[in-house]
Structure formats: structure tokens, C-alpha cells
Amino acid sequence: MTQNSRPSTLQSFQGDLVYPNDPSYPSAIARWASNAERQAALVSFPKTTSDISLVLDYALHQSKPPLPIAVKCGGHSASGASSSEGGVVIDLSRYFSEVRVDPEAKLAYVGGGAIWATVDEKTAEYGLATVAGVVNHTGVGGLTLGGGFGYLTGEHGLVIDNLVQATITLQTGQTLTLSSKSDESPDLFWGIRGAGSNFGVVSEFVFRLNPQRKDVYAGVMVFPIDRVEEVCQVANAWWDNGPSEKERLFINLVWNEDMSEVVLQVAPFYNGSEADGRQVFNAFLELNPTQDLTTSLPYIKLNAALNDQFPHGRPYIPTGFQTHRAQANPESIRNAAKLYKRHQEQDSKLARPIKLNVSVIHEYTPWAKVSSIPDSEGGPFPRNRVNNGLLMATWAENEKEINLKAREMVNEIRNAFLDGKTNQKSEGPKTIEKDFRQSPASRLEGLYGVENYQRLKTLKKTYDPKNVFCSWLPIEID
Ligand SMILES: Cc1cc2nc3c(=O)[nH]c(=O)nc-3n(C[C@H](O)[C@H](O)[C@H](O)COP(=O)(O)OP(=O)(O)OC[C@H]3O[C@@H](n4cnc5c(N)ncnc54)[C@H](O)[C@@H]3O)c2cc1C
């Protein structure tokens, strides 16, 4: 559709509108996960907040029947939360992607469609950083509105703990500037910090910045899977000893193509010199890893180090589990490794191999800073967990039958991992992920807590009574 044939409501729209007959339509609906692509009726790239209001008005009031809305930033939702089948996408990534730093005030003004790479680059120019995601092509929008954590979380808390202001356009078209200090809807500023995709389109985030040294200690040590007991023992002792806020650790189960074998990667992080980092993680080095690829590297390169492992345009299934387990469990890891290896062997014999690639990631993030902030101040993000697990699966082709087969395999590996005998320290459900199989209401009550969920429902009724923003963990309207 050309500019002249735009619907009358969108005549003054300053950004770009892409319809299915436009040559750029395939790239406009492309997502990081190819299985999250949907056939939108219109993809809009607004330039101003007035443009956002115009598109909302067009979709909700001028279209009969009203069209569903999806908001897109980095496009990393694998469930398709930033895509729309037959509806209107508000894609902020083209014109709301800039980052401006005020080094004096130590603040970054970040467009609602920016990616973390831009934030890292711009802030590093001044020796500053904010808490960011560990894969820098992810979007600031989704990651922030879901809470967000990264390498600097031990020191500076969640991404939302560093959010000082946000500009949001509501379904009415009204634009508000939110902060804990402003009189303009302080309760909504609370709500967006953990349930943020429920209320409107955030066109700008303002983050607090902290001084950040240039180089940090990170990388991976590789161990054969038969050393999982020793690795977990050292990791769990390190965790029980109370790591400092400058430390973080991942234990990853991955496939090593050269060895045709599942291996363990231990990925330490120390926000300091290599010499100090090696001392802090010496117990792992003393285990004599098959490879020691840990080193000193610029912090901004660290956030790019995993990018190639998670490229754009492949099918993905990410499954997060907030384990409530204080420690990694060797039996769980061994169970998952056995099954993964068996699948790889069977797959290589298939006429059309699925080429499944799975990472099972156990994260140890010092959580004291995060849990020191009460929900009443910090937002509804669930702060009560111990550490976090993630299973990230990808495969070669986005095709219905192959996707089903891949999903089956992933479920089996996930269940093998979760059903390994646990050495849970705390009471409570084995995983919140299991709670997700309950009804949406009890699932969200389980996630946010009963009191916080009630507060969110009140906010939803006030700011999004027609449930326009319902693509990701939608709060119920009674
Ligand atoms: C490879 C990879 C690495 C990851 N690493 C981390 C990590 O280190 N830490 C972490 O906390 N999480 C991490 N995540 C999870 C990540 O935070 C979520 O997938 C997040 O939703 C991605 O944000 P996005 O903007 O790229 O996604 P999108 O698909 O664009 O958006 C996701 C959701 O947020 C909404 N949304 C996005 N922007 C806005 C906005 N400006 N206004 C209103 N709504 C908006 C969308 O409508 C959608 O519902 C990772 C995910 C992947 C795939």
C-alpha cells in the first residue's frame, strides 16, 4: 500500500507502514526465532509517540473488528509475543533504537526498540555500564519489562532495579512519563517492573549507570561429562561459601561437534583482573579442565561472546526454570547428557536429521542485592528464587513435522534433567515451570505472589481494561 492509499487515520503517520504486498514484508515479520514469525496484517515502524498513538487508534477504534496489537523490540520472544497473526505490529526497532548517555548524571536514555549492544557500546565510551543481558543482540524492551538480569546483577541488581524512568503510551493514546518520584502514576511504574508487557508501549527507558572497569575475567573451562561429580562439588562448595557480588558462574551442558560428545563447560565471571579471577575460581582450574579458555576481555565483548551460539533466523525453544535448587545436581546433568547423546546418535542415522542443538544452562547468580529490595518498592518481579536454569534448543529447519519431533526430544531431555534426583535446600515447588501447567490465574499468582497479583489486576483494570496488551503473561481481568 502506498502513502496515498493509507487509511485516513494514518495519513499523518511519520514512520513506515509495511503491508503483506511490500517487498520488505518478509524481513518486517522476521524474528530471532523463525518459529515465532506470524503473518501480520500491518507492520508499523513509528517515529514518534504520536505515531504510536495513531497506530493504536487505527487498530483499536478505526478497524472493524478491532485488530490485535503486538509490540516488538529485539524480537527474541520465541513464543511469538512480539508477532501478530492478522493484527498490527508496533515495531520500535527502526526509529526508537537510539541510546544517549548523560555522563554527568550517570544516566542512559534508551529507545524502547534498542538492543543491548548499543547500550553497552555507548555507555562504555564513558567507563560506565548498566545491568544488561548476556547476549547483546537481545532487545532492551522485552528484557527490561520482564525484570532482566546479567553479569552485573550481583553488584547492581536486576535491570529494573536500575530503571529510573519510562515513557509509556497507553491504549487510549495517552503518553505518560513514569518514575518512582513522579506523581504521574507511580503505581504503574511499580507494575511495569516485572509485568511490563501488560500496560502499553514503552518508547523510552532511562537507566542508572555505574562505573565499570574495561576488562573482566571470563570464558570457559571444558570438562568431559564423566567429571560432572567433581565439577558440581566444586561449584556447590563455591556457592555455599557465599561468592562475592563480583562473581557469577554458569555450568553448561553442550554438544561438542569435534568430539561427537556431550561436554561440560564451566563459565566463570569475575568483575576484576584476570589474576584475581583465577584466584577466585582456582578450585575449578585445579581440576585440570581439558581446555582452559578463560581470559581477560573487555566487558562489552563478554556480552557479545555468546551471540554466535544463538544466531537469528533459526527455530528455537527456550525453556526457563527457576529451580529453587540451591545447587547443581550431577545426576540431573548426567541424565540429560545421556539422553542428549542417545538422541544425537539416533539423529545421525535419520534420512532427514533434525540436527538438534541443546544447551542446558545452570546459572549461579549472587542474589542478595536483588532480594534485598522489597516487592513493594522494586516491582512485582519474583525475587524469591535461588538460581536459574535454562534449556535452549535449536535445530536446522523450521518445518512442522521436524518442529514436532524436535519438541518431543527437547521435552525428554528437559524431563530427564528435571527428574534427576534433587538436593533441594529450600521448600517449595521443584520448579516454577511446573506451576506454569496450572490455570493462568494460579500460574501468575504463583509467579508474582497473591498480593502482588491483586495489585497488578487493579492496575490492569485501570490502564488496559480491554486487555490490548496481552501477548506475554497477560494479567487477568475479572
Ligand atoms: C538468546 C537469548 C538470551 C537471553 N539472555 C537473557 C539475559 O541475559 N537476561 C535476561 O534477563 N533475559 C534473557 N533472555 C530472555 C529475554 O529477556 C526475553 O526473551 C525478552 O523478552 C527479549 O526481549 P526482546 O525485546 O528481544 O523481545 P521481543 O520479542 O521484542 O519482546 C518480548 C515481549 O516484550 C514486549 N515488549 C518488548 N519491547 C517492548 C516495549 N518497548 N514496550 C512494550 N512492550 C514491549 C513484547 O510485546 C513482547 O511481549 C534471553 C533470551 C534469549 C533468546
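Which residues line the largest cavity? Ile251, Asn252, Leu253, Leu264, Ile333, Val360, Ile361, His362 and Phe417 do. The model is predicted: local features need pLDDT of at least 70, side-chain atom pairs count only at pLDDT 80 or more, and totals for chains, interfaces and linings use all residues. Residues are numbered from 1 along each chain as its sequence is written, and side-chain values use heavy atoms, with hydrogens and water left out.

**Overall fold**

- The protein has 17 helices and 20 strands. These are DSSP runs, numbered from the N terminus: helices are H or I of at least four residues, strands E of at least two.
- The radius of gyration is 23 Å, close to the 23 Å that the globule rule gives for 478 residues, so the protein is as compact as a globular protein of that length. The radius is taken over C-alpha atoms, and the rule is 2.2 Å times the number of residues to the power 0.38.
- Along its principal axes, the C-alpha trace spans about 70 × 60 × 45 Å.
- Of the 478 residues, 56% count as buried. Buried means under 20% relative accessible area, exposed over 50%, and partly exposed in between (1.4 Å probe, protein chains only).

- Strand β4 (residues 88-91) is covered on both faces. Val88 and Ile90 are buried on one side, Val89 and Asp91 on the other.
- In a regular strand the side chains alternate between the two faces of the sheet.
- Strand β2 (residues 42-45) runs parallel to β4, joined by 3 bridges. Two strands pair if DSSP finds at least two bridges between them.
- Leu42 has Val88 of β4 as its bridge partner.
- Strand β3 (residues 69-72) also pairs with β4 in the parallel sense, over 4 bridges. Here Val71 is partnered with Ile90.
- Lys72 is found in β3. Lys72 is buried because its relative accessible area is 11%.

- Strand β5 (residues 99-102) has one covered face, Val99 and Val101. Arg100 and Asp102 make up the uncovered face.
- β5 pairs with strand β6 (residues 107-111) in the antiparallel sense, over 4 bridges. Arg100 has Tyr109 as its bridge partner in β6.
- The hairpin has 4 residues between the strands. Lys106 lies in this loop and takes a positive phi near 55 degrees.
- Lys106 is partly exposed, because its relative accessible area is 34%.

**Cysteines**

- The structure holds 0 disulfides. A disulfide is a pair of cysteine sulfur atoms within 2.5 Å.
- For Cys470, the nearest cysteine sulfur is that of Cys73, 19 Å away.
- Cys470 counts as partly exposed, because its relative accessibility is 36%. Cys232 counts as buried, at 0%.

**Second largest pocket**

- The second largest pocket holds about 640 Å³ of space. On a 1 Å grid over the protein atoms alone, a pocket is an open set of points with protein on both sides within 12 Å along at least five of seven lines, whereas a cavity is a set where a 1.4 Å probe fits but cannot get out; lining residues have an atom within 4 Å of a point. Grid points are joined across faces, edges and corners, and a volume is the space filled by probe spheres set on the points.
- The pocket is lined by 27 residues, and Val254, Trp255, Asn256, Glu257 and Asn357 are the closest to its centre.
- Elements giving two or more lining residues are β14 (247-256), β15 (261-270), α11 (330-347) and β19 (357-364). The largest share, 4 residues, comes from α11.
- The pocket lining has 11 nonpolar, 10 polar and 6 charged residues. Ala, Val, Leu, Ile, Met, Phe, Trp, Tyr, Cys and Pro count as nonpolar, Asp, Glu, Lys and Arg as charged, and the others, Gly among them, as polar.

**Cavities**

- The structure holds 2 cavities of 30 Å³ or more.
- The largest cavity has a volume of about 40 Å³. β14 and β19 each give two or more residues to its lining.
- That lining divides into 7 nonpolar, 2 polar and no charged residues.
- The second largest cavity has a volume of about 30 Å³. Its lining includes Gln309, Phe310, Tyr316 and Asn357.
- β20 (388-394) gives the most to this second lining, with 3 residues.
- The lining of the second largest cavity divides into 4 nonpolar, 4 polar and no charged residues.
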